[in-house]
Amino acid sequence: MVNTPPPTPCLPQNEPDANRRADSLNLQRQAYRYDYQYLPPLVLMESVPAAENFSLQYITERLAATAELPANMLAVKVKSFLDPLDELQDYEDFFAIIPLPKIAKVYQTNDAFAEQRLSGANPLACIIHEDFGKSSKALARSSSSDLAEKQSVF
């Protein structure tokens with residue numbers, strides 16, 4: 001077996017074998033197709049190539065990790081049937097069987113708040129509530145300044 005060194009990275013215009021690069025790009029484009037219309041302005045993959053799918057080991061580990069969820073949900077429904085959520089302590093009651101997340105003990109600290117703000121929801125995937133007065137499609141057609149003005153409300 002011959003050990004060939006990996007190709008040296010270069011800009012497309014400096015590629016020593018342009019045909020090989022073009023063939024490689026075409027194969028990748030066939031494997032990774034994107035859908036630009038499903039949830040604009042986000043770009044999503046049409047399907048995941050087989051080589052990128054989760055392994056059987058990973059799927060097994062996830063199933064084992066979530067096996068207690070149905071029992072926990074049932075325990076919470078039974079416990080909270082007559083006792084509605086009315087305090088923050090009631091959040092901890094949702095963890096009747098599964099362990100309480102570590103963040104539950106420190107979520108009110110400045111560090112936890114900053115981390116949640118920085119790694120929070122993708123703002124492009126958030127849906128604007130209909131009470132806002134415009135549908136999401138109409139809002140998408142709004143001008144940038146109009147959009148910035150509306151977002152300042154949040």
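Modeller: Tyrosine 58 is partly exposed, at a relative accessible area of 33%, where partly exposed covers the range between buried (under 20%) and exposed (over 50%), with a 1.4 Å probe and protein chains only. This is a predicted model, in which local features need pLDDT of at least 70 and side-chain atom pairs count only at pLDDT 80 or more, while totals for chains, interfaces and linings use all residues. Residues are numbered from 1 along each chain as its sequence is written, and side-chain values use heavy atoms, with hydrogens and water left out.

Biologist: Which residue forms an aromatic pair with tyrosine 58?

Modeller: A search of the whole structure finds one aromatic pair, a pair being rings of Phe, Tyr or Trp (its six-membered ring) with centres within 6.5 Å, called stacked if the planes are under 30 degrees apart, edge-to-face if over 60 and tilted for the rest. Here the centres lie 4.5 Å apart with 20° between the planes, so the pair counts as stacked. The partner of tyrosine 58 is phenylalanine 54.

Biologist: What is the distance from the charged end of arginine 62 to the centre of the tyrosine 58 ring?

Modeller: A charge sits over a ring if NZ of Lys or CZ of Arg is within 6 Å of the ring centre and within 35 degrees of the ring normal. The charged end of arginine 62 sits over the ring of tyrosine 58, and its distance from the centre is 5.1 Å.

Biologist: Which residue forms a salt bridge with glutamate 46?

Modeller: Glutamate 46 lies in the loop between strand 2 (42–45) and helix 2 (56–65), and its partner, 13 residues apart, lies in the loop between helix 1 and strand 1 (34–39). The closest N and O atoms are 3.2 Å apart, and the partner is arginine 33.

Key
A salt bridge is a side-chain nitrogen of Lys or Arg within 4 Å of a carboxyl oxygen of Asp or Glu. Helices (H or I, at least four residues) and strands (E, at least two) are DSSP runs, numbered from the N terminus.
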